[in-house]
Amino acid sequence: MHITLITPAPRGSRAGNRATAERWARLLRASGHRTRIITEYDAEPTDLLVALHAWRSSESVRQYRAHTPSGPLIVALTGTDIYRFQQTHPEATRYSMAQADALVGLHERVADDIPREFHNRLHTIFQSAEPLPSRRAPVQSRFDVVVIGHLRDEKDSLRTAWAARQLPRESRLNVIQLGRAHDDQWQALAEQEARENPRFDWKGELPRWQVRRHMAKARLMVISSVMEGGANVVSEACVAGLPVIASDIPGNVGLLGGDYPGTYPVEDTTALREQLLRAENEPEFLAALQSRVEARAPLFRPEAEQAALERVVNAVMDQYGKEN
C-alpha cells in the first residue's frame with residue numbers, strides 16, 4: 001500500500017512528532033508499504049492517511065475528508081491533544097478524533113482521558129527504542145542523573161535542578177540536562193540555574209549519539225513532565241536498563257506500569273528530592289528500579305512497535321474491505 005504520514009514538524013526538526021513519523025515510515029516500509037511524510041495535506045493519491053497530532057493536523061484532516069470522504073484515516077494522539085487541546089481547542093481536536101477510523105495512543109492509560117465514544121477505535125502503540133551499544137562505567141566521584149528533552153513548560157524542565165539545590169552537602173548527585181531552550185525565557189532560566197546551582201550542568205542540544213553516551217554513563221534518568229503522550233525517552237531508558245524516576249502523570253505511569261515505585265507527585269520538588277536521595281543512598285531501591293525498567297523493555301522493541309503498527313493498519317483496511 002501507499003501510506004502518507006502527516007506531521008506538523010518539518011524535515012530536520014527534532015520534535016517528537018517528527019521522530020515518530022520517521023520511525024513509523026521506516027517500520028511500514030520494512031513491512032512492504034510505500035511511505036511518504038508531509039506537513040500539510042496535498043491531495044496526492046494515497047491508500048491510507050496517518051495524521052500525527054489531532055489538533056495540529058486538523059486542517060489536513062478536514063481537507064482529506066473533503067477530497068476523499070471515505071478514505072482510510074488513522075489519527076495518533078499526542079500528549080497535548082489529550083491533556084490540553086481537548087479542553088482549549090475542543091472542536092478541531094474532537095473533529096479529527098471523530099473522523100478517524102482508528103486512534104492511536106502511545107501509552108496504556110489514554111482511554112482514561114478521552115471520551116468513551118472513542119474507546120472502541122483506540123489502539124496502543126508503544127514507541128520503540130534501539131538498545132545502547134553497551135552500558136559505560138559511571139563516574140565514581142558523582143551520582144549523575146540525566147534529564148533529556150527541550151526546556152519548556154510541558155516538561156517542567158528545571159524541577160530536577162531545583163530538587164538538587166537542597167541536597168545534603170555529602171550528596172554526590174549531579175544533574176546533567178540535555179536539550180535546547182524552547183524560548184528566551186527558558187534560556188535565561190537555564191543559564192541562571194547553571195550559574196547558581198553547582199549540581200546543575202546544562203549541555204544544551206546535543207547530537208543523538210552524545211545523548212545516548214550520556215544515558216549509557218548515567219546512574220538514573222528523571223522525566224518530570226506535567227503532560228506527556230508517551231515519551232520516547234522513557235522507552236529508551238527501559239531498553240537501556242537505565243533506572244527512571246518520573247512524575248506520576250498518566251503518560252509516564254502508562255509506560256512504566258501502574259505500580260512502578262519510582263514516581264513522585266507532579267511538580268512536587270520535595271518529593272522528587274526524596275526519591276533522588278533514596279536512589280543515591282539505597283542500592284536496593286536503585287536495583288529495584290533497574291529491574292522494573294528492564295522488565296518493561298520488551299514492550300519497546302522495534303519489532304513490537306512494527307507489529308502493533310501493522311495491526312492497526314490491518315484493522316483499518318479491513319473496515320474498507322481492502323487487502324494491504
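A word on naming before the first helix: helices (H or I, at least four residues) and strands (E, at least two) are DSSP runs, numbered from the N terminus. With that, look at Gly241, which follows H8 and has a positive phi, near 70 degrees. What we have here is a predicted model, where local features need pLDDT of at least 70, side-chain atom pairs count only at pLDDT 80 or more, and totals for chains, interfaces and linings use all residues. Residues are numbered from 1 along each chain as its sequence is written, and side-chain values use heavy atoms, with hydrogens and water left out.

Now H8 itself, residues 232-240. Eight of its nine residues are buried, so the helix is largely enclosed by the rest of the structure. Buried means under 20% relative accessible area, exposed over 50%, and partly exposed in between (1.4 Å probe, protein chains only). The buried residues of H8 include Val233, Glu236 and Cys238. What do they pack against? The partners are E7, H7 (208-217), E10 (220-223), E11 (244-247), H9 (250-256) and H11 (283-296), where contact means heavy atoms within 4.5 Å.

Next, E7, residues 143-148, where Val147 is found. Val147 is buried, with a relative accessible area of 5%. Not counting residues up to four places away in sequence, Val147 touches Ser157, Thr160, Val175, Ile176, Gln177, Leu178 and Val222.

Val147 also lines the largest cavity, as do Val222 and Val233, among others. A cavity is a set of points on a 1 Å grid over the protein atoms alone where a 1.4 Å probe fits but cannot get out; lining residues have an atom within 4 Å of a point. E7 and E10 each supply at least two residues of its lining.

Last, Asn197, in the loop between H6 and E9 (200-204). Is Asn197 buried or exposed? At 3% relative accessibility, Asn197 is buried. Leaving aside neighbours within four places in sequence, Asn197 is in contact with Ala161 and Arg165. On H6 (residues 184-196) sits Ala188, which is partly exposed at 40% relative accessible area.

Conventions:
On a 1 Å grid over the protein atoms alone, a cavity is a set of points where a 1.4 Å probe fits but cannot get out, and a pocket is an open set with protein on both sides within 12 Å along at least five of seven lines; lining residues have an atom within 4 Å of a point.
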